[in-house]
Amino acid sequence: MKFQNTFRKAVALAMAFLLLITTQIACKKKGPIPFNPAFAQYISAFTGGSISAASTIRIRLTDAFAGNVTFNTPLTTELIEFSPDLEGELVWIDNQTLEFKPKEKLKRGEVYEAEFHLGSIVQVASELKEFEFSFMVMN
């Protein structure tokens, strides 16, 4: 009898601990990704903070892109990735600005993290090849 009571208490304690850990993991909110000032020589502006569900995501280079660009034509090279995933098109809107146009409205309340492959279009030091930023969609 004593063994059963001890066993029940141990199981209840283990379940409470697992519930606590699960809650902590599930409720963990993503925070903003801090801006590395070393990128300022290549990127002059980018979408950040709180945006509307119908917004596009932009990255503006400090200098005009030296390669050939066709404005408002979807790029076939994957230069940007999002977490959670987003489907859409990335286009040049001028010689300095890339704009990602999501296929659907963004999910309200969601925090998105983006990774822009800067090193694919500009010669940069190895630690600056990937530019990471985040934004949150307003409720």
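Hi everyone, let me start with burial: of the 139 residues in this protein chain, 27% count as buried, where buried means under 20% relative accessible area, exposed means over 50%, and partly exposed is in between, with a 1.4 Å probe and protein chains only. Please keep in mind that this is a predicted model, so local features need pLDDT of at least 70 and side-chain atom pairs count only at pLDDT 80 or more, while totals for chains, interfaces and linings use all residues. Residues are numbered from 1 along each chain as its sequence is written, and side-chain values use heavy atoms, with hydrogens and water left out.

How confident is the predictor? pLDDT is its confidence in each residue, from 0 to 100. The mean for the protein chain is 86, and 78% of the residues reach 70 or more. Residues 11-28 stay under 50, and the model gives that stretch 0 contacts beyond four places in sequence; a contact means heavy atoms within 4.5 Å. Where pLDDT is low, the predicted coordinates should not be read in detail.

Now the overall layout. The chain has 1 helix and 8 strands, in the order α-β-β-β-β-β-β-β-β from the N terminus. Helices (H or I, at least four residues) and strands (E, at least two) are DSSP runs, numbered from the N terminus. Among contacts with a separation of 6 or more, 60% are between residues 24 or more positions apart. The accessible surface is about 9500 Å², with 55% of it belonging to carbon and sulfur atoms; these areas come from the Shrake-Rupley method with a 1.4 Å probe, and for residues only the protein chains shown count as cover.

Next, some loops. Ala38 sits in the one between α1 (2-26) and β1 (43-46), and its relative accessible area of 32% makes Ala38 partly exposed. Ala38 is 89 residues from Glu127 in sequence, yet their C-alpha atoms are 9.5 Å apart in space.

What does Leu128 touch, leaving aside neighbours within four places in sequence? The contacts are Asn36, Ala38, Phe39, Tyr42 and Leu118. Leu128 belongs to the loop between β7 (111-116) and β8 (131-137), and counts as buried because its relative accessibility is 6%. From Leu128 to Leu118, 10 residues away along the chain, the C-alpha separation is 7.3 Å.

Gln96 is in the loop between β5 and β6 (97-102). Not counting residues up to four places away in sequence, Gln96 touches Ile59, Arg60, Leu61, Thr62, Asp63 and Ala64.

Ser83 and Pro84 are joined by a cis peptide bond, with omega about -5°, and Pro84 lies in the loop between β4 and β5. Asn72, in the loop between β3 (57-61) and β4, has a positive phi near 60° in a residue other than glycine.

Finally, the largest pocket, which holds about 250 Å³ of space. Of its 14 lining residues, Glu78, Ile80, Leu86, Gly88 and Phe100 are the closest to the centre. On a 1 Å grid over the protein atoms alone, a pocket is an open set of points where a 1.4 Å probe fits, with protein on both sides within 12 Å along at least five of seven lines, and lining residues have an atom within 4 Å of a point. β4 (80-83) and β5 (88-92) each supply at least two lining residues. The lining divides into 8 nonpolar, 2 polar and 4 charged residues.

Technical notes:
Grid points are joined across faces, edges and corners, and a volume is the space filled by probe spheres set on the points. Ala, Val, Leu, Ile, Met, Phe, Trp, Tyr, Cys and Pro count as nonpolar, Asp, Glu, Lys and Arg as charged, and the others, Gly among them, as polar. pLDDT is the predictor's confidence in each residue, from 0 to 100.
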